[in-house]
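Dear colleague,

Please find the structure for your review below.

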Amino acid sequence: MTKRDPKEDRLKDSGSLNPHPERVLAKHFQNSTFFDPRDLVQVKYEMLREVSRDGATKSQAAATYGMSRQAFYQALAGFTRAGIAGLLPGQRGPKGAHKLTQEVMAFISARQDADKALHARALAQTVRDELQLVIHPRSIERALARKKKR
């Protein structure tokens with residue numbers, strides 16, 4: 001039975017486990033106890049540092065650290081915006097209820113005020129019929145729950 005690596009588990013839990021540590025070719029990441037190619041935040045930081053401090057080109061640095069140029073620019077933007085915290089992986093996918101705008105929520109609230117018995121499925125159908133906008137009933141339920149919390 002192999003022993004689990006607690007650092008790898010923590011990196012995985014935080015979403016910062018490098019999916020391709022074998023692509024990191026930088027010499028200081030090879031056989032080092034300090035530099036860990038599995039640590040995506042460290043790899044991104046060192047990639048940015050190599051361009052900033054050592055004068056490597058962006059393409060060279062990206063290739064040396066097993067990243068694409070696009071990943072380099074995303075890391076640079078994140079670091080510029082928020083420092084080291086900007087290198088942490090962010091939420092993937094939509095960042096919020098993009099269909100449930102303030103106007104749509106006002107429409108839903110007005111319908112609920114007029115008829116307290118309306119449930120999410122009926123509200124979704126009303127939104128579809130009157131606003132020509134398809135919203136899943138569960139999305140409406142979650143939005144109403146968030147609104148109730150406030």
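The notes below cover a helix pair and then the salt bridges.

This is a predicted model, in which local features need pLDDT of at least 70, side-chain atom pairs count only at pLDDT 80 or more, and totals for chains, interfaces and linings use all residues. Residues are numbered from 1 along each chain as its sequence is written, and side-chain values use heavy atoms, with hydrogens and water left out.

Helix packing

Two packed helices are described by the angle between their axes and the distance between the axes. Here, the axes of helix α5 (residues 102–114) and helix α7 (residues 137–149) come within 12 Å and cross at roughly 85°. Helix α5 is therefore roughly perpendicular to α7; angles of 65 to 115 degrees count as such, under 35 as roughly parallel, over 145 as roughly antiparallel and the rest as oblique. Axes are lines fitted to C-alpha atoms, for helices over the stretch in contact, with angles running from 0 to 180 degrees between N-to-C directions. Helices (H or I, at least four residues) are DSSP runs, numbered from the N terminus.

On the α5 side, Met105, Ile108, Ser109 and Gln112 meet Ile140, Ala143, Leu144 and Lys147 of α7, contact meaning heavy atoms within 4.5 Å. The residues of this contact comprise 5 nonpolar, 2 polar and 1 charged. In this grouping, Ala, Val, Leu, Ile, Met, Phe, Trp, Tyr, Cys and Pro are nonpolar, Asp, Glu, Lys and Arg are charged, and the others, Gly among them, are polar.

Salt bridges

A salt bridge is a side-chain nitrogen of Lys or Arg within 4 Å of a carboxyl oxygen of Asp or Glu. By this rule, the count is 10 salt bridges.

Helix α7 also holds Glu141 and Arg138, 3 residues apart and thus separated by about one helical turn. Their salt bridge has its closest N and O atoms 3.2 Å apart. Glu141 is partly exposed, at 38% relative accessible area, and Arg138 is partly exposed at 41% (buried is under 20%, exposed over 50%, partly exposed in between, with a 1.4 Å probe and protein chains only).

Arg4 and Asp9 form a salt bridge at 2.6 Å, N to O. Arg4 is exposed at 61%, whereas Asp9 is partly exposed at 23%. Lys116 and Asp113 pair at 3.7 Å, N to O; Lys116 is exposed at 68% and Asp113 is exposed at 56%.

Finally, a network of salt bridges links Asp5, Lys7, Glu8, Asp36 and Arg38.

Yours sincerely

Methods. Helix = DSSP H or I, 4+ residues; strand = E, 2+ residues; numbered from the N terminus.
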